[in-house]
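Here are my notes on this one, point by point. Have a look at the chain first, then read on.

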Amino acid sequence: MFIGHFGVALAAKKIAPRVSLGTLIFAAQFLDLLWPMFLLLGWEHVRIAPGITKVSPFEFFDYPISHSLLAAVGWSIAVATGDFSFRRNRRAALVLGLAVLSHWILDFLTHRPDLPGYVSITQAREKIGRYGFWSFMIFLVIAWIASLAAGAPPSTTALAWSALSIWITVLWGWWADSHRRVSPRA
Ligand SMILES: [Zn+2]
């Protein structure tokens, strides 16, 4: 998925043209930049298994700090926050944070299902389970962008209505989960 991550960086350049492409690549590849360091530190592990997949001979069985969903969300917030503290540009920070998150999403869509997180805890019963979960993740990202871009609400009533929308995430998560089952190994 190496090319795909660069594709994200190039696409992000259109949205935030003043941010260096290097910084955008840094963000889009952030998880893979961390990963070899964590391997060297012995915090994460990989197995070399020729023939395990068509594209790579590696079995990524332990990389929770660099590549779990929870960690990816954390890293993306960290990168966005870090950039904002320097640049003071909300758009740039947002684009960089999303670029970090995009890495996990692209890896998830293209790798074997070895990424840790919710996905290894549950399995889709049928297609709805898989797409329900994914549409939910995309919704969360969009909601996150909207909340960052929205600024102060015009009234407390507006605030209450927008805060109520958090219920959608509960229902959506419930719906997606009802089409999944807990993995035997979880
Ligand atoms: Zn990766």
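1. A term to settle before anything else: a residue is buried under 20% relative accessible area, exposed over 50% and partly exposed in between, with a 1.4 Å probe and protein chains only. In the protein as a whole, 34% of the 186 residues are buried.

2. Some housekeeping. The model is predicted, so to speak of local features we need pLDDT of at least 70, and side-chain atom pairs count only at pLDDT 80 or more, while totals for chains, interfaces and linings use all residues. Numbering starts from 1 along each chain as its sequence is written, and side-chain values use heavy atoms, leaving out hydrogens and water.

3. Confidence next, as pLDDT (the predictor's confidence in each residue, from 0 to 100). The protein has a mean pLDDT of 79, with 78% of its residues at 70 or more.

4. On the fold, helices (H or I, at least four residues) and strands (E, at least two) are DSSP runs numbered from the N terminus. The protein has ten helices and four strands, in the order α-α-α-β-β-α-α-α-α-β-α-α-α-β from the N terminus on. Taking a contact as heavy atoms within 4.5 Å, 67% of the contacts with a separation of 6 or more are between residues 24 or more positions apart.

5. Now the rings. Those of Phe, Tyr and Trp (its six-membered ring) pair if their centres lie within 6.5 Å; planes under 30 degrees apart count as stacked, over 60 as edge-to-face and the rest as tilted. How many aromatic pairs does the structure hold? There are five. In one of them, Phe30 and Trp75 have ring centres 5.7 Å apart and planes at 65 degrees, so this pair is edge-to-face. The pair links distant parts of the chain, with Phe30 in helix H3 (residues 30-41) and Trp75 in helix H5, 45 residues apart. Phe30 is buried at 11% relative accessibility, whereas Trp75 is partly exposed at 24%.

6. Trp104 and Phe108 make a stacked pair, because their ring centres are 5.3 Å apart and their planes lie at 10 degrees. The two are four residues apart in helix H6 (residues 90-110), so about one helical turn separates them. Elsewhere, ring pairs join Phe26, Phe30, Phe38, Trp43 and Trp75 into a cluster.

7. Side chains of opposite charge can pair when their charged atoms come close. With a salt bridge taken as a side-chain nitrogen of Lys or Arg within 4 Å of a carboxyl oxygen of Asp or Glu, a search of the whole structure turns up one. It joins Arg87 to Asp83, with the closest N and O atoms 2.8 Å apart. Both residues lie in helix H5, four residues apart, about one turn of the helix. Arg87 is partly exposed at 34% relative accessible area, but Asp83 is buried at 11%.

8. Last, the surface. Accessible areas come from the Shrake-Rupley method with a 1.4 Å probe, and for residues only the protein chains shown count as cover. The protein exposes about 11300 Å², with 72% of it supplied by carbon and sulfur atoms.
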